[in-house]
Amino acid sequence: MPLAATLVEKIRIQIDGRDVEVPKMMPDWQGKLQPTTMLQACQQAGVEIPHYCYHPKLPIAGNCRMCLVEFGTPMMGPDRKPILNEDGTPKIAKSVLPYEPGTPRGAIGCATAISPGMEIYPNSPATKQMREAVLESLLINHPLDCPICDQAGECKLQEYSMQHGQATSRFVEAKVHKPKQVDLGPRIMLDDERCILCSRCVRFTRDIAGDDALGFVNRGSYNTLAAFPGREFDNNYTLNTVDICPVGALTSKDFRFQMRVWFLRETKSLCTSCGTGCNVVVSSREEKVYRLEPRENDAVNSSWMCDAGRLNYKWIGREDRLTRLGGSRLKACTWTGGAREVAEGLRTARPGTVAIIASARQTNEELYWLKKIATRLGAESDSIPRVGEGDRLLVSADKNPNSNGARLTGICGPLLGMKLAGIADGIRSGSIRTLIVFGEDVTRHGISAEMLQRLDLLVVSDILPNQTTRLAHYLLPGCAPAEKMGSFVNVNGRLQKFLKALEPREDARPEIEFLMELLGLLGAPQPARSVEGSFNQMAKEIPALAGLTWSSLGDTGATVQI
Amino acid sequence: MFLHALQEHFGFISKDAVEWTASKLGLQPINVHELVTFYPMFRQEPLGRHQIKVCRTLSCALAGAHQVRTFFCKRVGLDPHKHGPQTTSDGHYTVEFVECLASCGTAPVVMVNETFHEQVTVEKAEQILAGCRAT
């Protein structure tokens, strides 16, 4: 059978008394087509089957038993034809215990394939009873320490207890005690008493991260999640196990006891630590970031992100952030006045004597306006490459989040940094008199402090202090990505947008605002007034972005030709 | 087989032995550790000179195996509330529960090394310990 036919082939089944058609085959955790399971079929029909160990991106284990459902299949006669009821409908044989035909028997939804004519009863009394029993059993040795548990508020045990739990415990015996505060690795703390042994973390680290570091030791009610004694659980993806842990067993040392999750505001954003551009959710409260978590995007990062990227947010709150308009020549004390002074300085510069060094950490929209300014001033422009080490999973060797955006907007050539030496020579020889720098410390890229001091005008925008910002004639405080919105193009040409999670501090403003203001002061027409408008205008001008609009990017972006 | 051979030779399976086995089999040590901790016949520590095995399967449990084990533990200075085999610090005694020793009619039964003791009461247990001390 050709693949396309398999893809569209549907099976008619009944879920909760409702006739539904679902695909016969669906992708498994690796994207390979496998027979559709009862759990997947129910999801297709909009019915959620509770589960702990099942995760769409991990191999199926089938060990938590929470997804047990009662079901039935059409009865077949000896002629292999369905036996019919008097009204012509097929007779259904419900799943029952073989030695006790009066007792319904469930099957686990996550690992039982559907078949034509099957009936699934996700809300039947028998199904509910099975769930209650499984949940009660999972909670027998659980410490029920929700008030001090980091998972509280986003815990599957809590959620399912709400739906299927009992108000009181029938358990009068002593609970089994297991290790607590197990220091599993540099970023992970484990509470074995909270663990329900679903093995999501074991499968993740073995099958996704490729570091077979976790396992279950002992047996029976003493079964315990552990790493090999004396070995640290330490790879660059360990914190994903905290995300997928359905309970509070695995906790992030960074986030532990920092904030109750229900106080956190979640913003869809992107990780900016490398060119992969993993989709993330920024969790913040009162203008402070508390954690980043991966957001699912199968075109980029599946459901994962690396630990290094996840923890690279603390600098946003650094005390020495540039938050004041500044620079040695600034006379005004407002943005309006400051922008006018900068525009005045740029207007008097002769074409050909201006250079712009942009950053491939800037958004497409910012680079688009910066390129307009470059064109207006007849300025040479370039950006700075940032190369590091990559890995086979998510980490890119390109440490700029938007190298491709810099290429597309034309602020630099196909190879970033090719013109840097020329610009340095220009400054040395005196042919370049004005330099605009965005988000880079050029003193680390071949333009020394001594050379910067020779310039007639040095306009710098940045977010943290460095040698270049200290020498600026005009210093324009900008925003961290979390403090603004915009879009990036990742190393594979995925164009994605991110939204603003925090307010900028004090004088600091999103760069795009003062870039548009500056362009207006330089006399250029500038129809767009917002980030969305800038993107839409840019998409009309850059062929690779043809047909795209800000809203069409959605949450997961679009792929463009680089 | 590896692990059985190692245990036969060293008397127990050390952490080093687990790591060595894993490297020979191309596995991560946690995989072997899982197995060693799962099966009670694999020992992770050297046993005491007198290995006191108290049966806790149904007949013995009903006939007082728990009281017998608690007595042994207390008399040799071990924690009766602790799970699994325990060995005294001087290496004289190991006390543990085991499954059926196939003498349900004379429950509760205890095996000390290769010697079988039937209908063990607290008094009889005292005598067993005295016997151990004598050897």
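Start by selecting chain B and colouring residues 2-38 and 50-134 separately: these are domain 1 and domain 2, with bounds that come from an automatic or database domain assignment. The C-alpha centres of domain 1 and domain 2 of chain B lie 28 Å apart. You're looking at a predicted model, in which local features need pLDDT of at least 70, side-chain atom pairs count only at pLDDT 80 or more, and totals for chains, interfaces and linings use all residues. When you type selections, residues are numbered from 1 along each chain as its sequence is written, while chains are lettered from A and ligands numbered from 1 in the order in which they are written.

Now colour chain B by pLDDT, the predictor's confidence in each residue, from 0 to 100. The mean for chain B is 93, and 100% of its residues reach 70 or more. For the complex, the predictor gives an ipTM of 0.82 and a pTM of 0.91.

**Where the chains meet**

Bring chain A back into view. Here 10 residues of chain B are in contact with 12 residues of chain A; contact means that the C-beta atoms of two residues, placed from the backbone, lie within 7 Å. Select helix H3 of chain B, residues 29-38: with 7 residues, it gives the most to the side of chain B that touches chain A. (Helices, H or I with at least four residues, and strands, E with at least two, are DSSP runs numbered from the N terminus.)

While you're in chain B, click on Pro108(B), in the loop between strand E3 (93-98) and strand E4 (110-112).

**Over to chain A**

Zoom out on chain A, and you can count 15 helices and 26 strands. Its C-alpha atoms fill a box of roughly 95 × 55 × 35 Å along the principal axes. Of the 562 residues in chain A, 45% are buried, meaning that 20 or more other C-beta atoms lie within 10 Å of a residue's own; 12 or fewer makes a residue exposed, anything in between partly exposed, and C-beta atoms are placed from the backbone.

Next, find the open sheet of 5 strands in chain A, with the order E20-E19-E21-E22-E23 and parallel pairing. Two strands pair if DSSP finds at least two bridges between them. Strands E20 (380-383) and E23 (474-477) of chain A each have a single partner strand, so they stand at the edges with one side lacking a neighbour in the sheet. Strand E22 (residues 457-462) of chain A pairs with E23(A) over 4 bridges. Pick Ser461(A) and you'll find its bridge partner in E23(A), Leu476(A).

Which loop holds Met75(A)? Look between strand E5 (68-74) and strand E6 (92-94) of chain A. Met75(A) is partly exposed, with 14 other C-beta atoms within 10 Å. Show Ile92(A) too: it is 17 residues from Met75(A) in sequence, but their C-alpha atoms are 5.5 Å apart.

Go on to Gln181(A), in the loop between helix H4 (156-164) and strand E11 (182-183) of chain A. Gln181(A) isn't a glycine, yet has a positive phi of about 50°. Is Gln181(A) buried or exposed? Exposed, because it has 9 other C-beta atoms within 10 Å.

Finish at Asn218(A), in the loop between strand E13 (214-217) and strand E14 (224-227) of chain A. Asn218(A) is not a glycine either, and its phi is positive at about 60°. With 16 other C-beta atoms within 10 Å, Asn218(A) is partly exposed.
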